[in-house]
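Here are some notes to read alongside the model.

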Amino acid sequence: MSKTLTTRKQDYSQWYNELILRGGLADHSAVRGCMVIKPYGYALWENMRDELDRQFKATGHQNAYFPLFIPKSFLSKEAAHVDGFAKECAVVTHYRLKNDPNGKGIIVDPEAKLEEELIVRPTSETIIWSTYKNWIQSYRDLPLLINQWANVVRWEMRTRLFLRTAEFLWQEGHTAHASKEEAIEETERMLDVYANFAEEYMALPVIRGIKSPNERFAGAEETYCIEALMQDGKALQAGTSHFLGQNFAKAFDVKFSTKDNTEEYVWATSWGVSTRLIGALVMAHSDDEGLVLPPKIAPIQVVFVPIYKGPDSKPAIDAKIKELAKQLQAKGVRVKMDLDDAARPGWKFAEYEMQGIPVRIALGARDMENNQVEVARRDTKEKQVMSMDNLDSHIVDLLSAIQNNLFDRAQQFRTAMTTEVTTWEEFVDVLDNKTGFVSAHWDGTPETEEKIKELTKATIRCIPLNNKLEAGKCILTGNPSTQRVLFARAY
RNA sequence: CGGGGAGUAGCGCAGGCCGGUAGCGCAUCUGGUUUGGGACCAGGGGGUCGCAGGUUCGAAUCCUGUCUCCCCGACCA
């Protein structure tokens, strides 16, 4: 194996793939399009999951669990929904295997055919709303605020680790409300939770916006999203929150009695983020030496690397490292000590850089004499010598500085990579050469968006929330427009 | 699903056209010397050549099928 990664400049896709594998986040599996999330990658996901879960509960949601399988008939109850997902569903048709009568292993027992085929959930709106029908009778049962952590399956043609896999982990919130206003408020609230999580914990600046009709979730009235920009100038949808109107309530006949005893359909939302966030994280911050993880969600925040000199130096150095590590752990810092004397320091340095551990602390005989350590930060690769006195609080401050720096760096990049254009020539030129977000006027029709996509492969990523209204002419048709929207090529 | 490339030791690859004892580097194991940016010396272990068929006295090599990965398109979070 080569010592270095393919660089971003050489081949961005390959860089990404190598990084996931060599950073120890995931492996390919024996099943096409599916991945094995390795312990280090899963620890990262757990940190993200735990914080999101905390925020969901803080906003009044409860966790529940609904089945993996959905009766085929449920999926077709909402017309737009089935249209959106039909092409990528895994279907269970039988429930038993048997020995091949010809003696060649095992076969599906043709006599064990299901009466009604089951769909492996690509998302759970239908199974959940068929259940909500039984849970909701009165306005007193509302709002109903449920989330589930689950796996889903979408049979994608082309897959990439974390960014698009056939099976992925996610959470899906499904809420029911008495009024349209309340449902929209919920949709926006959860978008805010996502945006704050992305920015504060993942150090990933995001644009909050709404999707154009073309990009809307199948079955939604309105799809809100957070959009992030990757280092190669492509956009990535990092989370979505949908106002579902009364579409699913009508499809599954979920009505409630109001205070004045009238009967009305329930208003719905759904919202989700997935393990795709890990892909976003990797592509937003990492460099040609490996992963760069934001301290707040990094599985390991600080790694100690001893530098032994002579056979007798180990006990004293190890003892000092354990002492310093204990102080850090007391402040809530996640610490690893690599006291293996078989591997050399240089090898460890490179390895922990590959894994994106935010801070590395090296400690050798020289440091012991001077009561100091060498502290290296992953984000800037700067090294500084620090006193062992009060090291814990200095490291806590440093972790916070790294977190902020990652966010600022990503935000500056995004600002620099967001371009306003007025002519079609500029539009195409920016997409081809500069890349990034392109802010341009659009006449608001799905036909124009479709045409632009055909011509340039760029899509409308979103119409930013609180967008400035400004009269202009559509980039393609020249028709009048009231506001700019964000275009980009996207993952 | 279409077009292109690939699958040989844990990893990276050579061999294949022209069938005849399966190789190299890294990693690993043992012993020793080492340790401030991917250590060195010596010795050792590890493979049904992706899988399944076929041709042949004999297949990593030729033929057919199949699975997986990568790149490019169509689809998508």
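**Notes on the fold**

1. Start with one helix pair. The crossing of α13 and α14 is right-handed. (A crossing is right-handed if the near helix is turned clockwise from the far one by less than a right angle, and left-handed if anticlockwise.) Helices here are DSSP runs of H or I with at least four residues, strands are runs of E with at least two, and both are numbered from the N terminus. The contact draws on Trp424, Phe427, Val428 and Leu431 from α13, with Ile452, Leu455 and Thr456 from α14. Contact means heavy atoms within 4.5 Å. By class, six of these residues are nonpolar, one is polar and none is charged. (Ala, Val, Leu, Ile, Met, Phe, Trp, Tyr, Cys and Pro count as nonpolar; Asp, Glu, Lys and Arg as charged; the others, Gly among them, as polar.)

2. A word on the basis. This is a predicted model: local features need pLDDT of at least 70, side-chain atom pairs count only at pLDDT 80 or more, and totals for chains, interfaces and linings use all residues. Residues are numbered from 1 along each chain as its sequence is written, chains are lettered from A and ligands numbered from 1 in the order in which they are written, and side-chain values use heavy atoms, with hydrogens and water left out.

3. Now the geometry of that pair. Helix α13 covers residues 424–434 and helix α14 covers residues 446–456; their axes come within 11 Å and cross at roughly 50°. Axes are lines fitted to C-alpha atoms, for helices over the stretch in contact, and angles run from 0 to 180 degrees between N-to-C directions. α13 and α14 are therefore oblique to each other. (Under 35 degrees counts as roughly parallel, over 145 as roughly antiparallel, 65 to 115 as roughly perpendicular and the rest as oblique.)

4. Helix α2 (residues 39–58) and helix α6 (residues 180–200) have axes that come within 11 Å and cross at roughly 145°. Their crossing is right-handed. Met48, Glu51, Leu52, Gln55 and Phe56 of α2 meet Met190, Val193, Tyr194 and Phe197 of α6. That contact has seven nonpolar residues, one polar and one charged.

5. How is chain A divided? The parts are domain 1 (12–69 + 122–285), domain 2 (302–399) and domain 3 (418–488). These bounds come from an automatic or database domain assignment. The C-alpha centres of domain 2 and domain 3 lie 50 Å apart.

6. Next, a mixed sheet. Five strands form an open sheet, ordered β18-β17-β19-β20-β21. Two strands pair if DSSP finds at least two bridges between them. β18 (335–337) and β21 (383–387) are the edge strands, each with a single partner, so one side of each has no neighbour in the sheet. Neighbouring strands are turned by 25° against each other on average, direction ignored. Strands β17 (residues 302–307) and β19 (residues 359–364) run parallel, joined by six bridges. Val305 stands opposite Ala362 in β19.

7. Helices pack on this sheet. Helix α9 (residues 314–330) touches β17, β18, β19 and β20 (372–377), and its direction makes about 165° with that of β17. Helix α12 (residues 391–416) lies across β17, β19, β20 and β21, running at about 10° to β20.

8. A three-strand sheet comes next. Its order is β4-β8-β5, open, with antiparallel pairing. β4 (69–71) and β5 (91–94) form the edges with a single partner strand each, so one side of each is left without a neighbour in the sheet. The twist averages 40° from one strand to the next. Three bridges join β5 to β8 (residues 113–120). Val91 has Ile119 in β8 as its bridge partner.

9. Follow strand β26 (residues 480–488). It pairs antiparallel with β23 (residues 437–441) over four bridges, and with β24 (residues 459–464) over three bridges. Ser439 has Leu486 of β26 as its bridge partner. Cys462 also stands opposite Leu486. Strand β25 (residues 469–473) joins β26 in the antiparallel sense over three bridges. The hairpin of β25 and β26 has six residues between the strands, and there Gly478 takes a positive phi near 80°.

10. Last, strand β11 (residues 207–210). Four bridges join β11 to the antiparallel β12 (residues 222–229). Arg208 stands opposite Ile226 in β12. β11 also pairs with β24, antiparallel, over two bridges. There the bridge partner of Ile210 is Ile463.
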